[in-house]
Amino acid sequence: MKLSNERSMVRYNFILTCVNVLLILGIIFFIFDYLNDDSIKIKSYSFIVIPLLLMFYFYKLGRPVFIYDSNGEALVFKNKGIMLFHKENQDEFPKYKLTSYEIIRFLFIRRLYIKVSSKKKKEKVLKYDISFLSKNEIKDLNRSLNKVIKANNKKNNLVE
């Protein structure tokens, strides 16, 4: 199964561009207010603070683009960001290494934690931002990951 919300990257770029323009306009209004009136008021600071809070909010939501592919013998997970500070997160591993997963929800933030077995019988935890996925996309992701884990458990029971 392939799952991607890459089409909506245009929308997120537009929103981030609007927030950047608001920040630049806020700085300009702050400078003009400072030059015209020597007493800086709380209203003047709000021109800068509100866009900065919006940028921080989008930064904390995480990387907006999530790509998942379970076709074939490998699982592919990608997270792409649109902000400067977001690095691309990409992992690919065989399906049989997937041991479990968990989706954490906190207010508007959603994270996917995947446990993958390694050669030394230790588990590695991989983290992905899925805040921008719709409810249906999250249900599909749950269904697909449960299917892979169920197949892994069947194979492990047959081997033992």
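**Exercise 1.** Decide whether Lys 121 in this predicted model is buried or exposed.

*Solution.* Step 1: The relative accessible area of Lys 121 is 78%. Step 2: A residue counts as exposed when this value is over 50%. Step 3: Lys 121 is therefore exposed. Step 4: As to its place in the chain, Lys 121 lies in the loop between E6 and E7. Step 5: Its C-alpha atom is separated by 67 Å from that of Asn 36, and the two residues are 85 residues apart along the chain.

**Exercise 2.** Determine whether the span of helix H1 agrees with its number of residues.

*Solution.* Step 1: Helix H1 covers residues 9-36, which makes 28 residues. Step 2: The expected span is 1.5 Å times one less than the number of residues, and for H1 this gives 40 Å. Step 3: The end C-alpha atoms of H1 are 40 Å apart, so the two values agree. Step 4: The buried residues of this helix are Tyr 12, Leu 16, Val 19, Leu 23, Gly 26 and Phe 30.

**Exercise 3.** Describe the largest nonpolar core and identify which element gives the most to it.

*Solution.* Step 1: The largest nonpolar core has 21 residues, and Phe 66, Phe 77, Leu 112 and Ile 114 have the most contacts inside it. Step 2: Strands E2, E3, E5, E6 and E7 and helix H3 each give two or more residues to this core. Step 3: H3 gives the most, with five residues. Step 4: A second, separate core has five residues, among them Leu 16, Val 19, Met 55 and Met 83.

Note on methods. Residues numbered from 1 in each chain as written. Predicted model: local features only at pLDDT ≥ 70, side-chain atom pairs only at ≥ 80, totals over all residues. Heavy atoms only, no water. Core = buried A, V, L, I, M, F, W, Y, C linked by side-chain atoms within 4.5 Å. Buried < 20%, exposed > 50% of the residue type's maximum accessible area, 1.4 Å probe, protein only. Helix = DSSP H or I, 4+ residues; strand = E, 2+ residues; numbered from the N terminus.
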